[in-house]
Amino acid sequence: MEKDLWNRKGSIAVSSISAGASPKIGQFQGQTPKRALARTYSPFRKSRSRSSSFSSCDSTASYSDNSISSDEDDGVSPREKEQQSSSGFSDFCIKNISRADFGQREIEIAEQEMPGLILLRKRNANDRPLEGAKIVGCTHVTAQSAVLIESLCMLGAQVRWCACNIYSTQNEVAAALAEKGYPIYAWKAETEEDFWWCIEKCINAPGWNPNMILDDGGDSTHLMYKKFPEQVDELTRSRSLSELEKTTEHRVAESAKSTAKHMQKQAALSAEKASKNKVQLRTLQEENKFLLQKVQTLESELKWSKKEKKRLTSEREKRDSGQLNHKNSSTNAISRQVSQDSMQNNVEDLTQNKESAKRIDVLNEQNSTLKYFLLPVFFILLAMLVSFAFGIIGSNTPVSNQASKTQ
């Protein structure tokens with residue numbers, strides 16, 4: 001632990017009761033207090049002080065940042081693990097309880113950088129001014145936050161703590177706090193679901209009614225307002241609001257105002273849209289009326305056209321029937337004439353056939369007579385021809401013999 005001593009000249013002398021090298025008294029004489037404090041406790045020199053052997057408990061303790069301390073990942077979510085501290089305490093959810101020793105060394109290094117809280121512990125440990133305070137904490141879970149948590153509990157408060165950032169948690173520090181029996185719900189690289197689950201576990205627990213919130217960012221306050229309004233009433237009755245809570249309430253009020261303005265704008269826009277929709281509705285109604293009138297006119301025209309069509313078809317049928325009757329009468333007359341002509345032709349044909357039949361009968365009679373007359377004539381002529389032929393043959397033979405003799 002370090003304490004500040006102011007000399008008469010207004011300079012700072014810093015003495016340390018911790019082991020190891022310490023600044024000499026009067027080292028920063030002639031400098032203003034702000035510059036001296038900046039050189040001594042500047043947060044930008046934090047990594048340098050951690051990397052050096054400035055620890056009062058272990059000279060071999062070395063600084064390990066978030067990337068080194070949280071690199072182990074076995075692929076199992078801490079919510080699925082069942083972990084217990086060495087004393088059997090299990091009201092926590094962290095990455096790995098086995099890194100508690102390393103986290104404790106980190107907390108001891110951070111205590112060297114926070115002498116104010118250490119001094120408060122010593123002065124007020126017996127009085128316990130925070131007795132009865134039930135605090136929900138939602139901050140970065142680092143070694144410095146661990147010093148704050150331990151200081152609050154030493155001063156009489158009860159706490160339940162979670163992380164306000166899913167990447168800033170030091171897993172070994174969370175393990176050290178869980179090993180000491182603090183309800184801590186935080187690990188590095190939480191999912192969004194895990195983040196809100198951890199906050200809810202800190203707000204809502206059996207037999208736990210918080211009356212204070214230490215909130216960095218307003219997430220726990222937001223969740224309490226949203227899901228646990230009865231606890232918000234308890235907080236407002238206790239009137240124990242921290243500075244962060246006041247800023248959070250201010251932000252909530254601002255967000256409420258902004259949401260109200262946004263809602264007003266949305267209402268105005270919706271009213272404008274409604275008016276536009278009314279105008280469009282009127283125009284559509286007028287168009288519908290006009291279209292209905294058109295439909296009615298078209299229906300009347302259609303009825304008239306149907307009537308005209310019926311009239312025209314009836315007239316056409318009548319006209320076609322008259323033409324058919326005329327055609328039928330003409331065809332009947334023609335058929336009568338044709339039948340008369342055919343009858344006349346038939347009569348003439350009959351008469352001609354009768355005459356031809358008579359002629360044929362006459363010819364047949366003549367032929368029969370000719371047959372009886374011509375047959376003997378034919379036989380006579382045939383006999384004459386035969387005799388004539390034999391006579392010619394007999395006359396030709398002696399002539400031929402004489403001719404052969406003369407030769």
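Student: Which residues does Gln 83 touch, leaving out those up to four places away in sequence?
Tutor: Gln 83 touches Phe 89, Ser 90, Phe 92, Ile 94, Lys 95, Asn 96 and Ile 97, where a contact means heavy atoms within 4.5 Å. Before we go on, this is a predicted model, where local features need pLDDT of at least 70 and side-chain atom pairs count only at pLDDT 80 or more, while totals for chains, interfaces and linings use all residues. Residues are numbered from 1 along each chain as its sequence is written, and side-chain values use heavy atoms, with hydrogens and water left out.

Student: OK, and where is Gln 83 found?
Tutor: In the loop between α3 (66–69) and α4 (100–112). Helices (H or I, at least four residues) and strands (E, at least two) are DSSP runs, numbered from the N terminus.

Student: Is Gln 83 buried or exposed?
Tutor: Gln 83 is buried, because its relative accessible area is 15%. The cut-offs are under 20% for buried and over 50% for exposed, with partly exposed in between (1.4 Å probe, protein chains only).

Student: What does the side chain of Gln 83 reach?
Tutor: Two backbone atoms: the oxygen of Ile 94 at 2.9 Å and the nitrogen of Ile 97 at 3.1 Å. A polar contact here is a pair of N or O atoms within 3.5 Å; within protein, one must be able to donate a hydrogen and the other to accept it, and residues adjacent in sequence count only if both atoms are side-chain atoms.

Student: Zooming out, how many helices and strands are in the chain?
Tutor: Eleven helices and six strands. The chain has 407 residues, and 27% of them count as buried. Among its contacts between residues at least 6 apart in sequence, 67% join residues at least 24 apart.

Student: In what order do the strands of the open sheet come?
Tutor: The order is β5-β4-β3-β6, four strands with parallel pairing. β5 (184–185) and β6 (212–215) are the edge strands, each pairing on one side only. Two strands pair if DSSP finds at least two bridges between them.

Student: How many bridges join β3 to β4?
Tutor: Six, between β3 (residues 134–139) and β4 (residues 158–163). Lys 134 has Gln 158 as its bridge partner in β4, and Val 136 has Arg 160. β3 is largely enclosed by the rest of the structure, because five of its six residues are buried.

Student: And what comes just before it? Which residues is Ala 133 in contact with, leaving aside neighbours within four places?
Tutor: Ala 157, Gln 158, Asn 211 and Met 212. Ala 133 lies in the loop between α5 (115–124) and β3 and counts as buried, at 9% relative accessibility. The C-alpha atoms of Ala 133 and Ala 157 are 4.8 Å apart, though 24 residues separate them along the chain.

Student: Which strands does α9 lie across?
Tutor: Helix α9 (residues 219–227) lies across β3 and β6, at about 135 degrees to β6. Axes are lines fitted to C-alpha atoms, for helices over the stretch in contact, and angles run from 0 to 180 degrees between N-to-C directions.

Student: How many residues of α7 are buried?
Tutor: Eight of the nine in α7 (residues 171–179), including Asn 171, Glu 172 and Val 173. Just after α7, Gly 181 has a positive phi of about 100 degrees.

Student: Last one: which residues does the UniProt "transmembrane region" annotation cover?
Tutor: Residues 372–393, according to an unreviewed UniProt entry; positions are in the numbering used here, feature names are shortened, and annotations may be inferred rather than shown by experiment. In the model, that span is 100% helix and 0% strand, and its end C-alpha atoms lie 33 Å apart.
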